[in-house]
Amino acid sequence: MSALAFLASDPDGYALIDLRDSDSAHPLREVLSVSREDFAQVVTWIEAEFEPRWAMLRTTPWMQPLISAGVFLAKAYVLSLAQRIMHRTPLAAEQVEDFDLERPVPATDRFNQDALFDTPAFGESLEDVIALYTQQRRALPQDPAARKRLELLIHAESVGALIACEMEHAGLSWDEAGHRALLREQLGERVSEYARPPKLAAKAQELAAALKTPGLNPDSPQELLKALHKAGFAVRSVRAWELEQISHPVIQQVMEYKKLSRLASAHGDMWLEQWVKNGRFHPHYVLGTVVSGRWAASGGGALQLPHAIRQVVRTGPGRTFVVADGRQLEPRILAAISNDQQLQQAGQQDDLYQWLLDAKLVSTRQDAKLGMLSVIYGGGGGASGTVGAALTKSFPTAMRFVEQAALAGQQGEGVRSFLGRGCPPADEQWMRAQRDTADEASQRSADAAARARGRFTRNFVVQATAAEWALVWMGHARHLIHQAGWGRDCQQVFFVHDELVFECPEELAEQLQRLIQHAALLAGRTLFGAASPHFPVSVAISANYGDAK
DNA sequence: AAGTTCACG
DNA sequence: ACGTACGTGAACTTC
């Protein structure tokens, strides 16, 4: 028998815990009302006794105090995330309303101070939470296979939400002094929030002189472009990749300025003060908002951490990072979801791109990579060129699969990931634009919109399934770490889509490496069954994140 | 509020 | 004949 434990705020105390049977949702015992002080202890006891799936509307406010108290929950069901999934999936048996994931979280810790406000916010009482759960279960598809996939997706997303909380709490070990030293060396002494750091200001001056434009603000693309034109550089924009083409000392200066300016504004002293506390970077992960199911981060730009800055991500003595990366994840996901046997066979090698090279399908590793990405993104570069032609010929099944997804998108239809995350169909306005094509201009823009949507849905089926694989991978890794009894001093501390970073004692690193690789194998089997394609992960062990690649 | 640019996968 | 990747967040400038 498996149990379900509903968590909701208690108007008279802190939390209500309602234990029920998972399948029938029949109560197993009296509803427990728990004070804030007893909360962690009671949850620990229930976890030990029943190991229930903890059902909560959101992770806040429950997970923060539990994690602080060192409580581990094995299983979860986060209703807000499940609601979004059920709302979007085309597999649902009945329609489900959306959940506003941005809805502010009402305060629960009020201790009866004011009777008027002691009632849980509308839609958030225990009864409401249970009703929402019941409704979600009712909306699951009858077909057992589809049902299993959606349940897996909801459970994986929920454990992902727990991991996100755990990572936010743990933080990423950060060498603050090292970061400051780097800033001083590159930018000079610290100045007020609004002024340019000395070395940056000097560079701006030099640039203004070199371009004979006194007072030039190089941070203004408009001004900079005009100044460059005046100096005889026929560039269309001031983007780095365009300037890179030109070999000239002044252009070099511009690029150096941009790099430094970026460092100052994105990872300068202000950033350090705001996001790094006691030697750890605490970002905030956001689940459920990106259509494809990928995570976002709000605050600190965690998912865009520049490689250059990773040099100051260091562990303390005796500890190390274990950095694991799903190798060529998206092509492998494509091989799995399209059931392309040729592509799966190519993927039996740890380096899929090397296989393409050895098979003489492509002439360089870069071609292999770009060609694959082009196929998945829907670009013209690879698929229409010789590389694309070679791939199309070798992997017709995979190519047909992404073409099919693109076609559906072009026609305004929705698509879905392997586990059933839905990409919504085009809205009415989009469909109208497709019909209203009286003149040539509107025809052109409608066609462009159709192609753009085709590229989006083509990418969605792969990206969304890759995100699912990563969720399941993380979930397995977390579970195995707990099972091994390493939970105390070994845990995931960072996440970037297909890369997981763990921190652990040095002596555990090699065992952890094998554990993570095993978790990847389990993830493939969980999603795609015994015949899952190969999902190799590369692992680096280093006390410095910047060196781990 | 929109546009530009750049960081990441 | 035409235009060419997909998805994000954040800072800064400009309107």
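Two strands pair if DSSP finds at least two bridges between them. In this predicted model, strand 1 (residues 3-9) and strand 4 (residues 53-56) run parallel and are joined by four bridges. Within this pairing, Leu7 has Met56 of strand 4 as its bridge partner. Strand 4 is also joined to strand 5 (residues 75-78), again by four bridges and in parallel. Here Ala55 stands opposite Tyr77 of strand 5. In a regular strand the side chains alternate between the two faces of the sheet.

The helices come next. Helix 5 (residues 144-170) packs against helix 20 with their axes 9 Å apart and at an angle of about 60°. Angles from 65 to 115 degrees would count as roughly perpendicular and those under 35 as roughly parallel; the two helices are therefore oblique to each other. The crossing of helix 5 with helix 20 is left-handed. On the helix 5 side, the contact is made by Leu153, Ala156, Glu157, Val159, Gly160 and Ile163, and these meet Glu468, Leu471, Val472, Met474, Gly475 and Arg478 of helix 20. By class, the residues of this contact are seven nonpolar, two polar and three charged.

Helix 20 (440-483) also takes part in the surface near DNA strand C. Its five residues are the largest share of that surface. Other elements that supply at least two residues each include helix 8 (221-230), helix 10 (249-267), strand 10 (296-297), helix 15 (365-377) and helix 16 (380-383). Of the 31 residues around DNA strand C, those that come nearest are Ser220, Ser265, Ser374, Gly379 and Gly380. The surface near DNA strand C has 17 polar, ten nonpolar and four charged residues.

Note on methods: Residues numbered from 1 in each chain as written. Chains lettered and ligands numbered in written order. Predicted model: local features only at pLDDT ≥ 70, side-chain atom pairs only at ≥ 80, totals over all residues. Near = placed C-beta within 6 Å. Nonpolar A, V, L, I, M, F, W, Y, C, P; charged D, E, K, R; others polar. Axes fitted to C-alpha atoms, helices over the stretch in contact; angles between N-to-C directions. Parallel < 35°, antiparallel > 145°, perpendicular 65-115°, else oblique. Left-handed = near helix turned anticlockwise from the far one by under 90°. Contact = placed C-beta atoms within 7 Å.
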